[in-house]
Amino acid sequence: MPFINVKTNASISEKKAEAIKSALGLSITAIPGKSEGWLMVCLEDNKKLYFRGTDEPSAMVEVSLYGNASDNALSTLTSHITGILTDNLGISSDRIYVSYMSTQNWGWNGSNF
């Protein structure tokens, strides 16, 4: 049950949104047991986002996970996410933050897992 929320000051066309969503769906498999079948993605573009004092293209990516993942899996996913945003939106990798939150409590379909 992963959720990936991408906030960026770049514009995301429908074509790019589809490409990013699909690429994130493949990338989430870097975490054992996770798949696109349970992945929810939110793409928030054109945000007032400043990094290092400028509004040059940048992104803040928040990844929420049900359960835990190894440091190696998270590092791999960070690399994939950074590459996806660099390739699709032209955001320099040094202007992308990725944060992770793991929880043992996740609700779906009216109850918790």
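These are my notebook entries on a predicted model, looked up one piece at a time.

**Ground rules**

I count residues from 1 along each chain as its sequence is written, and side-chain values use heavy atoms, with hydrogens and water left out. Local features need pLDDT of at least 70 and side-chain atom pairs count only at pLDDT 80 or more, while totals for chains, interfaces and linings use all residues. My helices (H or I, at least four residues) and strands (E, at least two) are DSSP runs, numbered from the N terminus.

**Entry 1: helix H1**

I started with H1, residues 14–27. The expected span of a helix is 1.5 Å times one less than its number of residues. For the 14 residues of H1 that should give 20 Å, and the end C-alpha atoms are 20 Å apart, so the two agree.

Which residues of H1 are buried? I found Ala17, Ile20, Leu24, Gly25 and Ser27. They sit on the same side of H1, because they cover an arc of only 165 degrees around the axis. That arc is taken from the directions from the helix axis to the C-beta atoms. Buried here means under 20% relative accessible area, exposed means over 50%, and partly exposed is in between (1.4 Å probe, protein chains only). I also jotted down a helix rule: an α-helix has 3.6 residues a turn, so residues three or four places apart point the same way.

Turning to the face away from the buried side, I saw the exposed residues Lys15 and Leu26. What covers the buried residues of H1? The cover includes strand S1 (3–8), strand S2 (40–44) and helix H2 (71–89).

Ser27 is in helix H1. It counts as buried because its relative accessibility is 9%. Leaving out residues up to four places away in sequence, Ser27 touches Leu77, His80 and Ile84; a contact means heavy atoms within 4.5 Å. I also looked up the C-alpha distance from Ser27 to Gly37, which is 12 Å for 10 residues along the chain.

Pro32 is in the loop between H1 and S2. Is Pro32 buried or exposed? Its relative accessible area is 66%, so I put Pro32 down as exposed.

**Entry 2: how the strands pair**

Two strands pair if DSSP finds at least two bridges between them. S1 and S2 run parallel and are joined by five bridges; Ile4 has Val41 in S2 as its bridge partner. S1 and S3 pair in the antiparallel sense over six bridges, and Val6 stands opposite Val61 in S3. S3 also pairs with strand S4 (residues 96–103), in the parallel sense over eight bridges. There, Glu62 has Ser99 in S4 as its bridge partner.

I then followed the crossovers. S1, H1 and S2 make a right-handed β-α-β unit, and S3, H2 and S4 make a right-handed one as well. Right-handed means that, with the strands pointing away from the viewer, the path from the first strand over the helix to the second runs clockwise.

**Entry 3: the core**

How many residues are in the largest nonpolar core? I noted 23, and those with the most contacts inside it are Ile4, Val61 and Leu85. S1, H1, strand S3 (59–66) and H2 each give two or more residues to this core. The largest share, seven residues, comes from H2. By definition, a nonpolar core is a set of buried Ala, Val, Leu, Ile, Met, Phe, Trp, Tyr and Cys residues joined through side-chain atoms within 4.5 Å.

What does Leu85 touch, not counting residues up to four places away in sequence? My list is Val6, Ile20, Ala59, Val61, Gly90, Ile91 and Ile96.

Most residues other than glycine have a negative phi. Asn46, though not a glycine, has a positive phi near 55 degrees. Arg52 also has a positive phi, about 55 degrees, and is not a glycine. Asn46 is in the loop between S2 and S3, and Arg52 lies in the loop between S2 and S3 too. Arg52 counts as exposed because its relative accessibility is 58%.
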